[in-house]
Amino acid sequence: MTAPPLPNSPPWPTPHPRSAGGTHPLPPRRRRWPHTVADIALAIGLLVIDVIAALVAFVFGLDATGYAMFDPAADNASVPLTRPFAYVAVVGGIVLVSAFLLLMARAIISGGVQALAGLVLVLVAVIGMHDAERTAHPRPAPASPSIDPGALCRSGGDNSECGGS
């Protein structure tokens, strides 16, 4: 047996305030900010990982170009450094993507540190590639222009003072 409803009671069953079907709209969900200490710890940890990843990428790039690290008789002067710096640029791009994701997750400190680290890695890589290309292909020394000996005059007088006339 059921008891009769009490006077002034809501209709049965009452919707939960978090349900979408009731008269109560769902409150907007807000993302929580990460704790500041956790954000700083994440920034430091990711910065250490960034440095290690950049060094590993540079060493793999050296290995890919044929650089012999532990052979003292090897001639490494002709090995171009463009590829190792390209590997570092790829790591810098990955770091920038992770910075974007961290900023989207409202981890402002670690996202900012990642963005700066990514920009530094990409900048170092671009400068390194430019320098490697410049040292691999130096500019030739300017040749002396071929001068017609009759074209130069010594004192600006008549044609008798001009060489070759």
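Author: Hello! A crossing is left-handed if the near helix is turned anticlockwise from the far one by less than a right angle, and right-handed if clockwise. By that rule α1 and α2 make a right-handed crossing, whereas the crossing of α2 and α3 is left-handed. This is a predicted model, in which local features need pLDDT of at least 70 and side-chain atom pairs pLDDT 80 or more, while totals for chains, interfaces and linings use all residues. Residues are numbered from 1 along each chain as its sequence is written, and side-chain values use heavy atoms, leaving out hydrogens and water.

Reader: Which pattern does the protein follow along its sequence?

Author: The pattern is α-α-α, with three helices and zero strands. Helices (DSSP runs of H or I, at least four residues) and strands (E, at least two) are numbered from the N terminus.

Reader: What makes α1 roughly parallel or roughly antiparallel to α2?

Author: The two axes, lines fitted to C-alpha atoms over the stretch in contact with angles from 0 to 180 degrees between N-to-C directions, cross at roughly 155° and come within 7 Å. That makes α1 roughly antiparallel to α2 (under 35 degrees is roughly parallel, over 145 roughly antiparallel, 65 to 115 roughly perpendicular, the rest oblique). Residues of α1 that meet α2 include Leu42, Leu46, Phe58 and Phe60, and among their partners in α2 are Phe85, Tyr87, Val88 and Leu102. By class, this contact has 16 nonpolar, two polar and two charged residues (Ala, Val, Leu, Ile, Met, Phe, Trp, Tyr, Cys and Pro are nonpolar, Asp, Glu, Lys and Arg charged, the others, with Gly, polar).

Reader: And how do you know how α2 and α3 are directed relative to each other?

Author: Helix α2 (residues 82–104) packs on helix α3 (residues 108–136) at about 160°, with axes 8 Å apart. These two helices are therefore roughly antiparallel as well. Their contact has 20 nonpolar, ten polar and one charged residues.

Reader: How do you know whether the span of α3 agrees with its 29 residues?

Author: At 1.5 Å a residue, α3 should span 42 Å, and its end C-alpha atoms are 41 Å apart, so the two agree (the expected span is 1.5 Å times one less than the number of residues). For α1, with 30 residues, the reach from first C-alpha to last is 43 Å, close to the expected 44 Å.

Reader: What about Val79: buried or exposed?

Author: At 15% relative accessibility, Val79 counts as buried. Val79 sits in the loop between α1 and α2. Beyond residues up to four places away in sequence, Val79 touches Thr65, Gly66 and Tyr67. The C-alpha atoms of Val79 and Ala136 are 8.8 Å apart, although 57 residues separate them along the chain.

Reader: How many of the 165 residues are buried, as a percentage?

Author: Buried residues make up 18% of them.

Key
Buried means under 20% relative accessible area, exposed over 50%, partly exposed in between (1.4 Å probe, protein chains only). Contact means heavy atoms within 4.5 Å.
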